[in-house]
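Please look over the model below.

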Amino acid sequence: MIMPLTSTRISTDWPCQVKPPGSFDWERSAARWLRELIPARYASYPALIRHPVLLARHAQLQVQQEVRVARTALQTARAELPMLGLPESVIEHTIKLYAAEVMQLQHIARSVRAVSEALAGRGAGR
C-alpha cells in the first residue's frame with residue numbers, strides 16, 4: 001500500500017514551484033523559490049540560507065514593500081505621469097500595468113504566507 005507523503009492540504013495559493021509539504025525535498029524547493037523573491041545580495045546571507053523560516057520572513061517583508069510601491073505608483077500615476085509629458089495612451093497602459101502588478105504581488109504575498117506557515121509548522125530553521 002502506498003501512503004501519501006503528507007496529509008497537509010495545499011491551498012490554492014500554494015506556488016507550483018514548491019513541492020507539497022512533507023514530500024521529499026520540499027523545504028529545499030521552498031527555499032529556492034523564496035530566494036527568487038528577494039534581492040540577490042540577501043539570498044547569499046548564511047543565516048537566510050540555513051534557516052528557511054527566516055528566509056520566508058524576509059520574503060514576506062520584501063513582497064509587502066513591493067505591494068506598497070506598486071499601489072503608490074498606481075495611486076499617483078494619473079496625477080504625476082502627465083507632468084512627465086507622456087501621451088495619454090502610455091499613461092493608460094501604465095495604469096493598467098500597475099493594477100495588474102498589484103494583483104500579481106498580492107497573489108505572491110498569499111503564496112509566501114502559505115509557504116511560511118508550512119515551514120513554521122514543520123519547525124524548520126529552529
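The points below are grouped by topic.

This is a predicted model: local features need pLDDT of at least 70, side-chain atom pairs count only at pLDDT 80 or more, and totals for chains, interfaces and linings use all residues. Residues are numbered from 1 along each chain as its sequence is written, and side-chain values use heavy atoms, leaving out hydrogens and water.

**Helix H1 against helix H4**

- Helix H1 spans residues 26–35 and helix H4 spans residues 52–80. Helices (H or I, at least four residues) are DSSP runs, numbered from the N terminus.
- The two pack at an angle of about 30°, with their axes 10 Å apart. Axes are lines fitted to C-alpha atoms over the stretch in contact, and angles run from 0 to 180 degrees between N-to-C directions.
- H1 and H4 are therefore roughly parallel to each other; the term covers angles under 35 degrees.
- The crossing of H1 and H4 is left-handed, that is, the near helix is turned anticlockwise from the far one by less than a right angle.
- H1 contributes Ala31, Leu34 and Arg35 to the contact, and H4 contributes Pro52, Leu55, Ala56 and Ala59. Contact means heavy atoms within 4.5 Å.
- By class, this contact has 6 nonpolar, no polar and 1 charged residues. Ala, Val, Leu, Ile, Met, Phe, Trp, Tyr, Cys and Pro count as nonpolar, Asp, Glu, Lys and Arg as charged, and the others, Gly among them, as polar.

**Trp33**

- Trp33 sits in helix H1. Its relative accessibility is 7%, so Trp33 counts as buried. Buried means under 20% relative accessible area, exposed over 50%, and partly exposed in between (1.4 Å probe, protein chains only).
- Not counting residues up to four places away in sequence, Trp33 touches Pro15, Gln17, Val18, Ile108, Ser111, Val112 and Val115.
- The C-alpha atoms of Trp33 and Ala59 are separated by 9.9 Å.

**Salt bridges**

- The count comes to 4 salt bridges. Each is a side-chain nitrogen of Lys or Arg within 4 Å of a carboxyl oxygen of Asp or Glu.
- Asp13 pairs with Arg110, with the closest N and O atoms 3.3 Å apart. Asp13 is in the segment before H1 and Arg110 in helix H5 (residues 88–122), 97 residues apart. Asp13 is buried at 19%, whereas Arg110 is partly exposed at 34%.
- Asp25 and Arg28 meet at 3.3 Å, N to O. Asp25 is partly exposed at 25%, and Arg28 is exposed at 54%.
- Arg78 and Glu92 meet at 2.3 Å, N to O. Arg78 lies in helix H4 and Glu92 in helix H5, so the pair ties together parts 14 residues apart in sequence.
- Arg78, Glu88 and Glu92 are linked in a network of salt bridges.

Conventions. Angles under 35 degrees count as roughly parallel, over 145 as roughly antiparallel, 65 to 115 as roughly perpendicular and the rest as oblique.
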